Amino acid sequence: MAIDHAKVRRLHAMGLGPVWTLRGPATCDAALMSPDPVGHVAAPACSTPATALPGHDGTPSLMGWESLESSIRNCTRCGLCRGRTHAVPGTGDRQARWLFVGEGPGRNEDLEGEPFVGPAGKLLDNMLRALGLTRGQLTYIANVVKCRPVGDDGRDRPPTSDEISACLPYLQRQIALIQPDVIVALGKTAAVSLLDLSTDAALASLRGKSHLYAGIPLVVTYHPAYLLRKPADKAKSWQDLCLAQKLYDGRHGH
Ligand code: URA
């Protein structure tokens with residue numbers, strides 16, 4: 001029997017193959033028809049979080065990109081600054097239409113100063129490619145916290161609520177500057193932080209619907225690191241990305 005290459009490609013794109021091996025833009029139609037669419041530098045002294053972000057003009061809501069990034073790189077608003085090699089402000093197109101938000105830098109990101117450069121980043125790049133996107137073109141990738149949260153055991157850990165509160169104004173300002181058409185929250189930390197929800201909220205209850213952040217459509221999906229551990233959920237993540245695509249298209253009159 002002849003192999004239906006188009007079908008194989010579609011299944012792979014939806015994460016139904018053994019790995020997410022998409023090599024080019026895929027179609028969202030199938031997913032949308034489903035019933036469930038949708039070496040350390042010297043450690044600076046860290047201070048207690050202030051209510052306003054430090055900036056050249058002292059007014060967070062007026063900070064431009066340069067003062068924002070420099071404030072992030074020199075930030076001492078929480079204890080995470082003590083262990084960092086590099087703060088990781090984010091990367092991409094400052095006029096991005098798509099914003100992807102993760103939790104916080106891990107070891108690789110701390111070493112390189114770039115978000116999502118490890119194995120989870122490779123999967124995120126494949127997810128972008130599935131949408132016909134490339135890192136840096138029409139996309140911006142940021143995290144809720146800009147410095148690596150590291151546990152006493154030396155491993156990556158989720159940020160605490162105090163660390164998130166201290167850092168969130170930076171992400172809020174990035175979003176205000178970018179004004180993306182759609183935000184994709186990668187994982188629960190990004191979702192509950194941006195939507196100001198209780199940490200008790202289950203990720204499953206946040207997926208599959210369109211939320212709003214400051215009037216911008218926001219879709220919640222699984223964190224790529226989780227998908228690496230649970231590849232069977234890539235198909236659901238593909239549905240989420242298709243919902244995000246639909247919301248994006250809606251903003252562009254398609
Ligand atoms: N995980 C995240 O949430 N962000 C990164 O930048 C890398 C891994």
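Tutor: A residue counts as near a molecule if one of its heavy atoms lies within 4 Å of it. The model discussed here is predicted.

Student: Which residues surround the ligand?

Tutor: The ligand sits in the largest pocket. The shell around the ligand divides into 2 nonpolar, 4 polar and 2 charged residues. By name, the residues that surround the ligand are Gly102, Glu103, Gly104, Glu109, Pro115, Phe116, Asn143 and His223.

Student: Which residue has a side-chain N or O atom 2.8 Å from a nitrogen atom of the ligand?

Tutor: A polar contact is a pair of N or O atoms within 3.5 Å. One oxygen atom of the ligand is 2.7 Å from a polar backbone atom, and that atom belongs to Glu103. The 2.8 Å distance runs from a ligand nitrogen to the side chain of Asn143.

Student: How far is a polar side-chain atom of His223 from an oxygen atom of the ligand, and how much of the ligand's accessible area does the protein cover?

Tutor: The distance for His223 is 2.7 Å. On its own, the ligand has 240 Å² of accessible area, and the share that the protein covers is 91%.

Student: Which strands stand at the edges of the sheet?

Tutor: The open sheet has 6 strands with mixed pairing, in the order E1-E3-E2-E4-E6-E5. An edge strand has a single partner strand, so one side of it is left without a neighbour in the sheet. The two at the edges are E1 (91–92) and E5 (211–213).

Student: What is the bridge partner of Trp98 in E4?

Tutor: Strand E2 covers residues 98–102 and pairs with strand E4, residues 182–186, in the parallel sense over 4 bridges. In E4, the partner of Trp98 is Val182.

Definitions and conventions
Residues numbered from 1 in each chain as written. Predicted model: local features only at pLDDT ≥ 70, side-chain atom pairs only at ≥ 80, totals over all residues. Heavy atoms only, no water. Polar contact = N/O pair within 3.5 Å; in protein donor to acceptor, adjacent residues only side chain to side chain. Areas by Shrake-Rupley, 256 points an atom, 1.4 Å probe, with all protein chains shown as cover. 1 Å grid on protein atoms, 1.4 Å probe; cavity = no way out; pocket = protein on both sides within 12 Å on 5 of 7 lines; lining within 4 Å. Sits in = over half its atoms within 2 Å of the grid points. Nonpolar A, V, L, I, M, F, W, Y, C, P; charged D, E, K, R; others polar. Pairing = 2+ DSSP bridges.
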